[in-house]
Amino acid sequence: MGGVTSAASSPAPAETPSVLGLAPVIPVVVLHDAADAVPLARALVDGGLPAIEVTLRTPAALDAIRAIADEVPDAVIGAGTLLTPEHVDAARAAGSRFLVSPGVSPRLLGAMQDSGVPFLPGVSTTSEVVTLLDEGVTEMKFFPAEAAGGTAYLTSLSSPLPQARFCPTGGIGLASAPSYLALPNVGCVGGTWMLPADALAAKDWGRVRELAREAAALAV
């Protein structure tokens, strides 16, 4: 699998794997306590989901990314909800190996292109997809997937824009994930269903591991 391509002068290294090929499901993690980061990551990896997106939605996020990068070598840790070039810099400094944004601006795209790691800029319209393709970017996050048209929308993009591939995220669960993964332009999906709030509150890492195993089995 190839790395993310771009027209920037500092593309991702050729040996860097594509985000879309890491696992059928990327857990989207919101952590309020960085102390939970390592046991949670180990549970996800043990369950077969090595690519983990920690969103920059809480003050604990960067410390959580740093801890996973340092202590869970089998995890491919990434940062999500990137909104500014400063977020990109902070995520990379913490050890993020891939980057995800809910949308994209010229400044944010430039920073992601210059980061040296794979990235998934967020799109929800055809024009946004075409704009990124024009920049040489072929891998994208489709967000919010269900609200933006779901599988029907992505199916309609596959014929005119076959070079674009997506990680749909937003409103996807265990029941709906297979219909996304069956599409030719979908490489993986992002979700939170393997991270139920009650399991996280109870630090029930065994339950997280089993739910991750169930999600990993969705590979088609």
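## Aromatic pairs

Rings of Phe, Tyr and Trp (its six-membered ring) are taken as a pair if their centres lie within 6.5 Å, and the pair is stacked with planes under 30 degrees apart, edge-to-face with planes over 60 degrees apart and tilted for the rest. By this rule, the count comes to 2 aromatic pairs. This is a predicted model, in which local features need pLDDT of at least 70 and side-chain atom pairs count only at pLDDT 80 or more, while totals for chains, interfaces and linings use all residues. Residues are numbered from 1 along each chain as its sequence is written, and side-chain values use heavy atoms, with hydrogens and water left out.

Let's begin with the stacked pair, Phe142 and Tyr153, whose centres are 5.6 Å apart with 15 degrees between the planes. Phe142 sits in strand E7 (residues 139–142) and Tyr153 in helix H6 (residues 150–158), so to speak of their spacing, the two are 11 residues apart and link distant parts of the chain. Here helices (H or I, at least four residues) and strands (E, at least two) are DSSP runs, numbered from the N terminus.

Tyr153, at 22%, is partly exposed. Phe142 also pairs with Phe166: their ring centres are 6.3 Å apart and their planes stand at 70 degrees, so this pair is edge-to-face. Phe166 belongs to strand E8 (residues 165–168) and lies 24 residues from Phe142, another link between distant parts of the chain.

Taken together, Phe142, Tyr153 and Phe166 make up one aromatic cluster.

## Helix H3 and its neighbours

Helix H3 (residues 85–94) and helix H4 (residues 106–113) have axes that come within 8 Å and cross at roughly 25 degrees. Axes are lines fitted to C-alpha atoms, for helices over the stretch in contact, with angles from 0 to 180 degrees between N-to-C directions. H3 is therefore roughly parallel to H4, as angles under 35 degrees count as roughly parallel, over 145 as roughly antiparallel, 65 to 115 as roughly perpendicular and the rest as oblique. Pro85, Glu86 and Val88 of H3 meet Arg107, Leu108, Ala111 and Met112 of H4, contact being heavy atoms within 4.5 Å.

Pro85, Val88, Ala91 and Ala94 of H3 are buried, and their cover includes helix H2 (61–71), strand E3 (76–80), strand E4 (98–100) and H4. Arg92, also in H3, is partly exposed at 32% relative accessibility. Leaving out residues up to four places away in sequence, Arg92 touches Leu99, Ser115 and Val117. After H3 comes Gly95, with a positive phi near 110 degrees.

## Helices H1 and H2

The axes of helix H1 (residues 37–46) and H2 come within 9 Å and cross at roughly 55 degrees, so H1 is oblique to H2. The contact involves Ala37, Val38, Ala41 and Arg42 of H1 and Ala64, Ala67, Ile68 and Glu71 of H2.

Definitions and conventions. Buried means under 20% relative accessible area, exposed over 50%, partly exposed in between (1.4 Å probe, protein chains only).
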